[in-house]
Amino acid sequence: MKEINSMYPSDKKECYSLIHSQLKSILEDEPYVIPNLSNTSALLNEALADINWVGFYLIHNNELLLGPFQGKIACVHIAIGRGVCGTAVLKDETQLIPDVHEFPGHIACDSASKSEVVIPIHSDGRVVGVLDIDSPITQRFDEMDKEGLEEIVRILETSCNWKDSIFIG
């Protein structure tokens, strides 16, 4: 497990506020999806304590395909409706899972993961991918994380040119 970066406040509200402003600055005048998701995963990996994987899955050929991430090797293909990520797409809602071992059909890419949060990403009214974050700590994510991460996704939704992404389709 990585240590917290001392540049980021320990107070979650302050931390997410700083992440949001940094992300807006990073994404300014950059419309391309892949570089933006790459930098977003790197930013979140630096800023968030007690996580062991952060990244994106993008819908391609009616399944989720691994996108930019930080962490151990991950599953490349996930069927819509399968696991936490596929469920987030199918239900089109954030999945806040306090204990992944209690989630039916959880896909364990990293056996150290104990909790997970997955937020759907939208373009033109449809889900185009998800932000996925795992933690080696049970109940790592709470409502404040959910709100802060949903705002990160909103920033990405409006900053990226999803129509030109090679993954979407």
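**Figure 1. Gln139, a loop residue with positive phi.** Gln139 is found in the loop between S6 and H4. Helices (H or I, at least four residues) and strands (E, at least two) are DSSP runs, numbered from the N terminus. Phi of Gln139 is positive, about 60°, although Gln139 is not a glycine. With a relative accessibility of 61%, Gln139 counts as exposed. Here buried means under 20% relative accessible area, exposed means over 50%, and partly exposed lies in between (1.4 Å probe, protein chains only). The model is predicted: local features need pLDDT of at least 70, side-chain atom pairs count only at pLDDT 80 or more, and totals for chains, interfaces and linings use all residues. Residues are numbered from 1 along each chain as its sequence is written, and side-chain values use heavy atoms, with hydrogens and water left out.

**Figure 2. Asp50, in the loop between H2 and S1.** Asp50 is not a glycine, yet its phi is positive, near 60°. Its relative accessible area is 27%, so Asp50 is partly exposed.

**Figure 3. The aromatic cluster of Trp53, Tyr57 and Phe69.** A search of the whole structure finds two aromatic pairs. In the Trp53 and Tyr57 pair, the ring centres are 6.0 Å apart and the planes lie at 25°, so this pair is stacked. Rings of Phe, Tyr and Trp (its six-membered ring) pair if their centres lie within 6.5 Å; planes under 30 degrees apart count as stacked, over 60 as edge-to-face and the rest as tilted. Trp53 is buried at 5% relative accessibility. Tyr57 is buried too, with a relative accessible area of 2%. Trp53 also pairs with Phe69: the centres are 5.2 Å apart and the planes at 15°, so the pair is stacked. This pair links distant parts of the chain, 16 residues apart: Trp53 is in strand S1 (residues 53-60) and Phe69 in strand S2 (residues 63-71). Phe69 is partly exposed, at a relative accessible area of 27%.

**Figure 4. Gly67 in strand S2.** At 11% relative accessibility, Gly67 counts as buried. Gly67 touches Phe56 and Tyr57, leaving out residues up to four places away in sequence. Contact means heavy atoms within 4.5 Å. Gly67 and Gly129 are 62 residues apart along the chain, and their C-alpha atoms are separated by 9.1 Å.

**Figure 5. Helix H3 and its surroundings.** Seven of the nine residues of helix H3 (residues 83-91) are buried, so H3 is largely enclosed by the rest of the structure. These buried residues are Gly83, Val84, Cys85, Gly86, Thr87, Ala88 and Val89. What do the buried residues of H3 pack against? They pack against S1, S2, strand S3 (77-78), strand S4 (95-97), strand S5 (115-123) and strand S6 (126-135). Asp92 follows H3 and has a positive phi, near 50°.

**Figure 6. Glu150 in helix H4 (residues 143-159).** Glu150 is buried, with a relative accessible area of 19%. Its side chain is joined to that of Thr94 by a polar contact of 2.6 Å. A polar contact is a pair of N or O atoms within 3.5 Å; within protein, one must be able to donate a hydrogen and the other to accept it, and residues adjacent in sequence count only if both atoms are side-chain atoms. Leaving aside neighbours within four places in sequence, Glu150 is in contact with Thr94 and Ile119.

**Figure 7. Helix H1 (residues 12-27) and helix H4.** The two axes come within 10 Å and cross at roughly 10°. Axes are lines fitted to C-alpha atoms, for helices over the stretch in contact, and angles run from 0 to 180 degrees between N-to-C directions. H1 and H4 are therefore roughly parallel to each other. Angles under 35 degrees count as roughly parallel, over 145 as roughly antiparallel, 65 to 115 as roughly perpendicular and the rest as oblique. On the H1 side, the contact residues include Tyr16, Ile19, His20 and Leu23. On the H4 side, Leu149, Ile152, Ile155 and Leu156 are among them. By class, the contact has nine nonpolar, three polar and five charged residues. Ala, Val, Leu, Ile, Met, Phe, Trp, Tyr, Cys and Pro count as nonpolar, Asp, Glu, Lys and Arg as charged, and the others, Gly among them, as polar.

**Figure 8. Ala47 in helix H2 (residues 33-47).** Ala47 is buried at 1% relative accessibility. Its contacts, leaving aside neighbours within four places in sequence, are Tyr8, Cys15 and Ile19. Ala47 and Ile59 are twelve residues apart along the chain, with their C-alpha atoms separated by 26 Å.
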